[in-house]
Amino acid sequence: MKKTKNKHYDVFVIGSGIAGQTAAEICREPKLSVAIADNREFGGTCANRGCDSKKILLQFSQLVYQSRNLKGIGVKRLPKLNWKSVQKFKRSFSDPIPPNTEEKLKDLGISLYHQSPKFISKNEVEVEGKVVSADHFIIATGNIPRELDIEGKEFLKVSEDVLNFKKVPKSATFIGSGYIAMEFACMMATLGCKVTILERDKTSLAKFDDYLVEKLIAKLESLGVKFVFNADVTGVQKLKKNLKVLYAHNGKSKSHKSRKVINATGRVPAIEALELDKAGIETDKDGIVVNDHLQSKSHPKVYACGDVSNKSPSLTSLSGLQGYIAGNNVVKEKSKILDVPCVPSTVFTTPNLSSVGYGEAEAKARYKNVKVYQGDCSNWFNAKKENEDTYAYTILVNERTDEIVGAHILSSKANESINVFAAAIYNKMTVKEFKRMVLTYPSYSMDFKKMMENKE
């Protein structure tokens, strides 16, 4: 059946997460006609099936972990979790997101499409069986799990499946050891699951501080997580109750059985379905190639923001900022520039591994002389009061200026306390200035002063 041209908009936004929503709202302020499309629930990954849901579940495993640490010194019995109730509580947050998002967008006069568009020319997409044209396109489709091209890949689960497990499995194998694998492995092991991590490289979390990663791996091993490094997974086979993972390790063929196998090898830009080549939109391995205005270098009427842009780290905290920049540059071309701020990131294991600023290798490549403050503080008050055996740090300082340029913390409160260092680095604070600040006592943030007393 011949398609007829249905609608023309000033702006067509693809993706309804925080980046897409922010851009669409900004474009509506000057009364531009705006449409937004998504092939899944409106609201994006983080709110519906990602970060938010993960944090809700993790707090329950952290409760079990903390109670176990304090058992016998005040805690008599460990709490028992009702996983069905935990999942119901989680859904009380995620279920309202799609209808509330749609209602908000409709109230702004934004047209909604519930399908992934496909470009058919530089200024046209096909969506819901219609041809729709626009003066500008903003692509904010985010990331999706990387597909493993191995035999039996149909048996693999991904992070979204883990978030919706009806019960904690007896055993699970994670392929990969990045954020997702480490966080969920920690949670599931704490709750009694026998967890194995198969990693093709020689260690985990390559972008984080090596000293702290080693301590975190040791911590997870103490919780029962088994790590197999230099393991190249070749296939998955379905058995009666279990799945068998086939892998090569140090030149030998091996296998491992578990109830669940999770693909945690990373995420990639969700752009394949868009058929960007038909619009002449250039991409690379990190996403759509853009300039500092988040404008496509090959198609000036197209902007990309959030995880799908190749311009900055894939972090939710940056998505809103990128949506703001893209939306404003559509309204007034080249009015805003993306200047990536000092962005902290956290692996939400127990304890948390948090990082901000430069890593040690980066700092030493950038500055002539770098002070490295590094050490174990598991015998300090804040760890001992929790009966916690893992607490450590690496702090980097430009020796010439005395400015703090990087901070890496492994502690139960690192996800919050790292923000103190984020503010310090953003404002180019020196160690001397940092130590003059008055912080709450006895907080983890207060410990930072002590960490910078003696250079390792």
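Which strands each supply at least two residues of the lining of the second largest pocket? In this predicted model, the answer is β7 (143-145) and β15. The legends below start there and then move on to other close-ups.

**View 1. The second largest pocket and its lining.** This pocket holds about 370 Å³ of space. A set of 16 residues lines the pocket, and those nearest its centre are I144, P145, R146, E147 and V268. Sorted by class, the lining comes out as 9 nonpolar, 6 charged and 1 polar residues. If you're wondering how such space gets found, rolling a probe the size of a water molecule over the atoms shows where empty space is left.

**View 2. Strand β6 with β5 alongside.** Strand β6 covers residues 130-139 and is mostly covered, with 8 of its 10 residues buried. Strand β5 (residues 124-127) runs antiparallel to β6, and 4 bridges join the pair. To find your way along this pairing, look for E124, which stands opposite S133 in β6. The hairpin of β5 and β6 leaves 2 residues between the strands, and E128 in this hairpin takes a positive phi near 55°.

**View 3. Strand β6 with β18 alongside.** Here the partner of β6 is strand β18 (residues 302-304), and the two run parallel with 3 bridges between them.

**View 4. The cis bond at P351.** Going from T350 to P351, the peptide bond is cis, and omega is near 5°. You'll find P351 in the loop that links β19 (345-347) and β20 (352-357).

**View 5. The cis bond at P442.** Another cis peptide bond runs from Y441 to P442, with omega near 0°. P442 sits in a loop too, between α13 (431-436) and α14 (444-451).

**View 6. Positive phi at E275.** E275 isn't a glycine, yet its phi is positive, at about 55°. The residue belongs to the loop between β15 (267-269) and β16 (283-284).

**View 7. Positive phi at N387.** N387 also has a positive phi without being a glycine, this time about 60°. Look for N387 in the loop between α11 (381-384) and β22 (392-398). Its relative accessible area is 43%, so N387 counts as partly exposed.

Technical notes:
Residues numbered from 1 in each chain as written. Predicted model: local features only at pLDDT ≥ 70, side-chain atom pairs only at ≥ 80, totals over all residues. Heavy atoms only, no water. Buried < 20%, exposed > 50% of the residue type's maximum accessible area, 1.4 Å probe, protein only. 1 Å grid on protein atoms, 1.4 Å probe; cavity = no way out; pocket = protein on both sides within 12 Å on 5 of 7 lines; lining within 4 Å. Points joined across faces, edges and corners; volume = space filled by probe spheres on them. Nonpolar A, V, L, I, M, F, W, Y, C, P; charged D, E, K, R; others polar. Pairing = 2+ DSSP bridges.
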